[in-house]
Amino acid sequence: MTALKKSFHIKSRDFIRAGEASIQIQALLKTLNFDPKMIRRVSICGYEGEMNVVMHGGDGTLRFEINTNQLIIEITDDGPGIVDIAKAMQAGFSTASDEHRNMGFGAGMGLPNMKKNSDDITVESEKGQGTLVRMVFFLSKGGDAV
Ligand SMILES: Nc1ncnc2c1ncn2[C@@H]1O[C@H](COP(=O)(O)OP(=O)(O)OP(=O)(O)O)[C@@H](O)[C@H]1O
Ligand SMILES: [Mg+2]
């Protein structure tokens, strides 16, 4: 199977268009007849990652790839970065502003949910150096959708 690759721009603080990349990926996986459970896991991870860029990050990119064995979502942004990654991964930790909390965000559950719903997650970040979140989903042998 030839790798399928797509890339989406994510604009920092653009709450109107936030989530669009994840919606497009979800639609694409539906047309490719992926297992609904896999679509749900990928959508959760894509959405949470996208929202983090919109809320906490700088402008960024969501790269999506499907190859024979795995599906990969890699989200990078050029924002302020994460000072303490281990802390950020903890359930309930959030630096969300009151404004974000009033919009229903800031439970500190995005990164824990991404970890839970992906088969592998890598977070690379440094203060002032932006953030990279890479999530991998293992596909069954032969690259079929189940
Ligand atoms: N792309 C990013 N750039 C800078 N900081 C980030 C980024 N992503 C996450 N963080 C930091 O990690 C914290 C935890 O993220 P997480 O997604 O778990 O929770 P949240 O976004 O605060 O709340 P929720 O996702 O539940 O609405 C954030 O509050 C923020 O401090
Ligand atoms: Mg979040």
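Between which strand and which helix does the loop holding Gly81 lie? Gly81 is found in the loop that connects strand E3 (70-77) with helix H3 (85-88); helices (H or I, at least four residues) and strands (E, at least two) are DSSP runs, numbered from the N terminus. The model is a predicted one, in which local features need pLDDT of at least 70 and side-chain atom pairs count only at pLDDT 80 or more, while totals for chains, interfaces and linings use all residues. Residues are numbered from 1 along each chain as its sequence is written, chains are lettered from A and ligands numbered from 1 in the order in which they are written, and side-chain values use heavy atoms, with hydrogens and water left out.

Five strands make up an open sheet, ordered E1-E2-E3-E5-E4, with antiparallel pairing; two strands pair if DSSP finds at least two bridges between them. Strand E1 (4-10) and E4 each have a single partner strand and stand at the edges, so one side of each lacks a neighbour in the sheet. From one strand to the next, the twist averages 10 degrees. E1 is joined to the antiparallel strand E2 (residues 60-66) by seven bridges, and His9 stands opposite Thr61 in E2.

Two helices lie across the sheet strands. H2 lies across E1, E2, E3 and E5, at about 10 degrees to E3. Axes are lines fitted to C-alpha atoms, for helices over the stretch in contact, and angles run from 0 to 180 degrees between N-to-C directions.

Buried means under 20% relative accessible area, exposed over 50%, and partly exposed in between (1.4 Å probe, protein chains only). Six bridges link E4 to the antiparallel strand E5 (residues 131-138), where Arg134 stands opposite Thr122. The hairpin of E4 and E5 has five residues between the strands, and Gly128 there takes a positive phi near 80 degrees. Gly128 is also among the residues touched by Gly81, including Ser125 and Thr131; contact means heavy atoms within 4.5 Å.

Helix H5 (residues 110-117) is mostly covered, with six of its eight residues buried. Among them are Leu111, Pro112 and Met114. The buried residues of H5 pack against helix H2 (36-56), H3, E4 and E5.

Notes
Lists of a residue's contacts leave out its neighbours within four places in sequence.
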